[in-house]
Amino acid sequence: MILVLVKALNILDFLGKTPNREIPLGEIAAALNMDRGTCSNIMKTLAAKGFVQQSDPRMGYKLGYMIYSLANSSVNNDELTKIAREDVTKLGDKLNESAILSVIRNDKRVVLFQSRPDREQILTANIDKSVYSANTARVILANYTPPHQEKFIIRNGMPTETQWPELYRSSNPSGELMNELSSIKRKGYAIQEDRHSSTTGFAAPLFRRGHVEGSVGVFIPDSREIDRKAILCEVLDCAREINHKIALIDKIEE
């Protein structure tokens, strides 16, 4: 049993060296000097548990969603904050509102950093909040891999009508949830009109090595006359700049 565990760990370590590449079973077995049949059986178990995955049964293997779920992220909080702080601050200053850097931790939206414009009255975000009711978390959830997304929904259940009221305008809220998440991912951003807080939120995802890491966003009080298109462009530009910095760091570390 211990030998099998060591072999499984060796496989995960090998796949982790090139996390975005799908590696054929034969190449994995040869690289680790492992019997192909034994390797195949271990891969089936790892795949069933979500530690490795295949985009197609005929393709190779790469790390699965459970690896990132257990680690919470492939970049730690301090590093992401350090990379994004300057750009999030600039975004907040441009819009004269708080801009926030968010991640999902333990199935909650967590704010890592929040800019504070130089004025007395500003809106502040809750440090942790339900993923379903937070715009900056919805955009992260929308970019999870399908298995990771499914596991999240199984663990947390459907959003309540209070958390995501738009879903309940449909006779099929669960189907509408998947439609909404697909739409957010396809567009590359999320916009949320929150009648309870009288704000409109704008958010865009942040990625590292093909995996969603967090998001950047702002929420604007409805009392302000806003140009939605201009604000969305600023948020998307900020996300692009942060993603560019993350990619440069990854390239240096390779």
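**Overview. The whole protein at a glance.** Of the 254 residues in the protein, 45% are buried (buried means under 20% relative accessible area, exposed over 50%, and partly exposed in between, using a 1.4 Å probe and protein chains only). What you're looking at is a predicted model, in which local features need pLDDT of at least 70, side-chain atom pairs count only at pLDDT 80 or more, and totals for chains, interfaces and linings use all residues. Residues are numbered from 1 along each chain as its sequence is written, and side-chain values use heavy atoms, with hydrogens and water left out. The protein has 9 helices and 8 strands (DSSP runs numbered from the N terminus: helices are H or I with at least four residues, strands are E with at least two). Among the contacts with a separation of 6 or more, 55% come from residues 24 or more positions apart (a contact means heavy atoms within 4.5 Å).

Close-up 1. The structure holds 2 aromatic pairs (rings of Phe, Tyr and Trp, the last by its six-membered ring, pair if their centres lie within 6.5 Å; planes under 30 degrees apart are stacked, over 60 edge-to-face, and the rest tilted). Y132 and F152 have ring centres 5.8 Å apart and planes at 85 degrees, so this pair is edge-to-face. They come from distant parts of the chain, 20 residues apart: Y132 is in the loop between β5 (128-130) and α6 (135-142), while F152 is in helix α7 (residues 146-156). Y144 and F152 also make an edge-to-face pair, with 6.5 Å centre to centre and 70 degrees between the planes. Together, ring pairs link Y132, Y144 and F152 into a cluster. Y132 is buried at 3% relative accessibility, F152 is buried at 1%, and Y144 is buried too.

**Close-up 2. Helix α6, tucked inside.** In α6, 8 of the 8 residues are buried, so this helix is largely enclosed by the rest of the structure. One of those buried residues is R138. Now find W164: the charged end of R138 sits over its ring, 3.8 Å from the centre (for this to count, NZ of Lys or CZ of Arg must be within 6 Å of the ring centre and within 35 degrees of the ring normal).

Close-up 3. Side chains of opposite charge can pair when their charged atoms come close. A search of the whole structure finds 12 salt bridges (a side-chain nitrogen of Lys or Arg within 4 Å of a carboxyl oxygen of Asp or Glu). K90 and E86 form one of them, at 3.3 Å from N to O. These two are 4 residues apart in helix α5, which means about one helical turn separates them. K245 and D87 form another, at 2.7 Å, and this one links distant parts of the chain: K245 in helix α9 and D87 in helix α5, 158 residues apart. K245 is partly exposed at 22% relative accessibility, whereas D87 is buried at 8%.

**Close-up 4. D250 and its arginines.** D250 belongs to helix α9 (residues 228-253) and is buried, with a relative accessible area of 6%. Leaving aside neighbours within four places in sequence, D250 is in contact with R208 and R209. Its side chain makes a polar contact of 2.5 Å with that of R208 (a pair of N or O atoms within 3.5 Å; within protein, one must be able to donate a hydrogen and the other to accept it, and residues adjacent in sequence count only if both atoms are side-chain atoms).

Close-up 5. Most residues other than glycine have a negative phi. N33 has a positive phi of about 55 degrees, and N96 has a positive one near 60 degrees. N33 lies in the loop between α2 (25-31) and α3 (36-48) and is exposed at 73% relative accessibility. N96 is in the loop between α5 (77-95) and β3 (99-105) and is partly exposed at 36%.
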